[in-house]
Amino acid sequence: MKNNRLRNVSLAVLMVLSAGYAANAQTNDGAAPVVVAKVEATTGNLAPTPPMGWNTWNTFQTNIDEPLLKGMVEAYVSSGMRDAGYRYFVLDDGWMTMERDQNGDLVADPKKFPNGMKAFADYVHSKGLKFGIYNCAGNKTCAGYPGTRGHEYQDARLYASWGVDFLKYDWCNTDSLNAREAYITMSSALKATGRPIVFSLCEWGNHQPWLWAKGVGELYRTTGDITANFDKDKRINNWTALSVMTILDKQPAIAQYNGPNHWNDPDMLEVGNGMTFNEDRAHFSMWCMLSAPLAAGNDLRKMSAQTQGILTNKEAIAIDQDKLGLSASRISSDNGLEVWVKTLADGGLAVCFLNRSATPQNISYSWKDHPFKNETVNLDVDFSKVNYKLHDVWTKKDIGTTKREFKQAIASHDVVMLRLSK
Ligand code: GLA
């Protein structure tokens, strides 16, 4: 075991060096400025648009097994999620046994996966989906299962042999590990397998991954864990689960780092997990405005028609998947009513009115009085000079042009999401 671990670590070091990583690394995780690493072996083009999928964690935590998950895969297809563009089926924490085997390999829990993980991955692939799995950079995962530390290349090879297409890599039990170095090691291990595996960094934004994760992985969490609450954080023992609005408010400051193959990840979706319809719709719309990865986290077998309608709204998804991959910027905020704008590849715009207040409001918006300007997200529009047609993404109706003042009621905790085109 110990020898194996040493071999893994030295191989990791060699691979990192040979990949051209200019070691300018911090030796601790303190507040020193982060230096962008040179990683020559980039991850290629595995996520030109934000990855879309489904993940076990938000609803099931570690209570997962093959029969449950097969039902979920079936629902993924029959509900239209796959046809709407969702692709990844990701097992989060809790898929393995509490110990590695005598060779130091991870083992899929035989009670949960009696046919083994390769058979389950084959099943997922047979449905036209991609298969994702979870582990952690520390000694143990957040739920206490064996972590990958010291086994990076061994675990990467195992995942590749199972046909894994996506790895979420967490940050619990990491002691004094340097985040950037740890993620680069695992990234190199994945690349060394020769299998394209999307690498999803999950260190909660603690070490500013937006400054160094481009080329290391395709997406990186920007915050702590989400909870199904619109605007109230939730204290759980010694940590705080974040509301949708708390997470949203952390995104504008890092908007400029978002783009193809390096996505700011504001965490998985809580649509269908207990918020109101309006709140779910607002949450989903704002994630689309951010060009965020879309990982549904609800029980797909039991979702209501409303939830399904939100998650599979192709017009909203098209805004999320816009190939420029720009994040939205908050243009104004007045009495809880915000206006967010995103530039689209076809020369159009997505505009989202968001009512965060506890009461309904009336939108009354004279476009020509609100030029949109924000250099970081490539925005420069003067409506007194150019006219756009308006299309409502949720009612799916054309609703006039920017020549006229826009007047509409908006419910509490809801959005009006428009696509503007010339
Ligand atoms: C962390 C992550 C979550 C989830 C759990 C699993 O909290 O941020 O998204 O993966 O671990 O234990």
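Let us begin with how residues are sorted here: Ala, Val, Leu, Ile, Met, Phe, Trp, Tyr, Cys and Pro count as nonpolar, Asp, Glu, Lys and Arg as charged, and the others, Gly among them, as polar. The model is predicted, so local features need pLDDT of at least 70 and side-chain atom pairs count only at pLDDT 80 or more, while totals for chains, interfaces and linings use all residues. Residues are numbered from 1 along each chain as its sequence is written, and side-chain values use heavy atoms, with hydrogens and water left out.

**Around the ligand**

The ligand is surrounded by 13 residues, and the closest are Asp-92, Asp-93, Lys-168, Asp-170 and Asp-225; a residue counts as near if one of its heavy atoms lies within 4 Å. By class, this shell has seven nonpolar, no polar and six charged residues.

Which side chains have an N or O atom 2.7 Å or 2.5 Å from an oxygen atom of the ligand? They belong to Asp-170, at 2.7 Å, and Asp-225, at 2.5 Å. A polar side-chain atom of Asp-93 lies 2.8 Å from a ligand oxygen. Such a polar contact is a pair of N or O atoms within 3.5 Å.

| Side chain | Distance to a ligand oxygen atom |
|---|---|
| Asp-93 | 2.8 Å |
| Asp-170 | 2.7 Å |
| Asp-225 | 2.5 Å |

On its own, the ligand has 310 Å² of accessible area, and the protein covers 93% of it. Areas of this kind come from the Shrake-Rupley method with a 1.4 Å probe.

**The largest pocket**

The ligand takes the space of the largest pocket, in which about 600 Å³ of space lies. On a 1 Å grid over the protein atoms alone, a pocket is an open set of points with protein on both sides within 12 Å along at least five of seven lines, whereas a cavity is a set where a 1.4 Å probe fits but cannot get out; lining residues have an atom within 4 Å of a point.

The pocket lining has 30 residues, with Trp-57, Arg-221, Asp-225, Ile-226 and Trp-239 nearest the centre. Strand S8 gives the most to this lining, with three residues.

**The cavities**

How many cavities of 30 Å³ or more does a search of the whole structure find? There are two. About 170 Å³ of space lies in the largest cavity. Its lining has 17 residues, and Phe-166, Leu-219, Asp-265, Met-268 and Ala-295 are the closest to its centre. The second largest cavity has a volume of about 40 Å³, and Gln-251 and Ser-327 are among the residues that line it.

Methods:
Polar contact = N/O pair within 3.5 Å; in protein donor to acceptor, adjacent residues only side chain to side chain. Sits in = over half its atoms within 2 Å of the grid points. Points joined across faces, edges and corners; volume = space filled by probe spheres on them. Helix = DSSP H or I, 4+ residues; strand = E, 2+ residues; numbered from the N terminus.
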